[in-house]
Amino acid sequence: MPGGVNSPVRAFGAVGGTPRFIASARGPYLTDADGNEYVDLICSWGPMILGHAHPAVVEAVQRAAALGTSYGAPTQGEVELAEEIVARAPVEQVRLVNSGTEATMSAIRLARGFTGRSKIVKFSGCYHGHADGLLASAGSGVATFGLPDSPGVTGAATADTIVLGYNDLSAVEEAFAANGDEIACVITEACPANMGIVPPRDDFNLRLKALCTQYGALLIMDEVLTGFRVSRSGWYGIDGVAGDLVTFGKVMGGGLPAAAFGGRADIMAKLAPAGPVYQAGTLSGNPLATAAGLATLRGATDEVYARVDHAAETVAGLATAALAKEGVPHRLQTAGNLFSIFFADGEVRDFAAAQRQDTKRYAAFFHTALEHGVHLPPSSYEAWFLSAAHDDAALERIAEALPHAARAAAE
Ligand code: PLP
């Protein structure tokens, strides 16, 4: 496999060294192929909000598997998952797909089909998956590896993508003033988490929505990462701004490949077979994935969110206390139960500021935490993920490891 992995950030490229190959996981712990156990602060990059191998999820998947793994025909499980999403999030209809990439790619096609316009606006540092038109100034692995854009993405594929600085409302106003009748949509992470955590300032999302409405464009809120994680619905539960279209993934698949996009019924009605905008998938709404997603969402109760919030607050507190004690310049930024630590001074409001951090210090911090049994995200551009399974014992192990990590970062 190129680079030894099937998704770039897993390769430890940003921190050096060899990734741990994982053999199993339970609750808050990962066990690697050599039998070492780690407290997991990646949680599969978001999905595992209940913890690994949660009994209700395992049982739901086993039950579904025994009934056949895929039919290529509609099922009750798809309807129930769609109903659960519609009950939680500000969407009237949803289409299930297999990955967040597919969700954003399809939402953009639908926005273009609905408006009859070509241009899209995205923000640098926001990551929306690896579809061509969205791989311009993207966060996550693209940021981790310092790629300006990817070879293989043609100029034509991104010619209709307008990239603006995050949190820069005047740039959005200017873009609309110059191209108002050509912009199909603005796509934004509801709260960016792929350049580290960079929350929207004040009324940023609300103003985006107002500008889109004024110019007849659609707002696509990408909640693939934040959806059903930072609250029962997602970032919407925190700032209350609904997109015309919303994308989901991660938690709603419970660790299996499932994602979705949804929105206003009049927009979704343009999607095939109800309308002319084509979108399809052999494995979309797969019975195992819908079973895992439903079990996860049904298990994600208010009590679960309270536990994740508590665990996140505790770990963020431990990390900043350890770094402060060693005099390491850092900045904690939070978004509900998501947080990240920039090894930099001052507030980070956009991608340019995020890129000014000291990634070498993070590498030392990461490896020392790993040696002490805590698996952090192997990139300082990623959020730290907690689950409801991160109990006192797991938090205690983190409390023991982080002072060593902070000392290494200070050197
Ligand atoms: N959108 C956001 C906000 C994401 O964080 C991600 C993945 O991290 C994606 C889209 C792409 O999702 P996937 O990796 O499932 O294709």
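Two strands pair if DSSP finds at least two bridges between them. Helices (H or I, at least four residues) and strands (E, at least two) are DSSP runs, numbered from the N terminus. This is a predicted model, in which local features need pLDDT of at least 70 and side-chain atom pairs count only at pLDDT 80 or more, while totals for chains, interfaces and linings use all residues. Residues are numbered from 1 along each chain as its sequence is written.

**View 1. An open sheet of four strands.** The strand order is S1-S2-S3-S13, and the pairing is mixed. Strand S1 (22–26) and strand S13 (374–375) are the edge strands, each pairing on one side only. Four bridges join S1 to strand S2 (residues 29–32) in the antiparallel sense. Ala25 has Leu30 as its bridge partner in S2.

**View 2. Packing of helices H13 and H14.** Helix H13 (residues 359–371) packs against helix H14 (residues 392–410) at an angle of about 150 degrees, with the axes 8 Å apart. Axes are lines fitted to C-alpha atoms, for helices over the stretch in contact, and angles run from 0 to 180 degrees between N-to-C directions. H13 and H14 are therefore roughly antiparallel to each other (an angle over 145 degrees).

**View 3. The shell around the ligand.** Among the 16 residues around the ligand, those that come nearest are Ser99, Gly100, Thr101, Gly129 and Val224 (near: C-beta atom, placed from the backbone, within 6 Å). Helix H3 (residues 100–115) supplies the largest share of this shell, three residues.

Note on methods:
Parallel < 35°, antiparallel > 145°, perpendicular 65-115°, else oblique.
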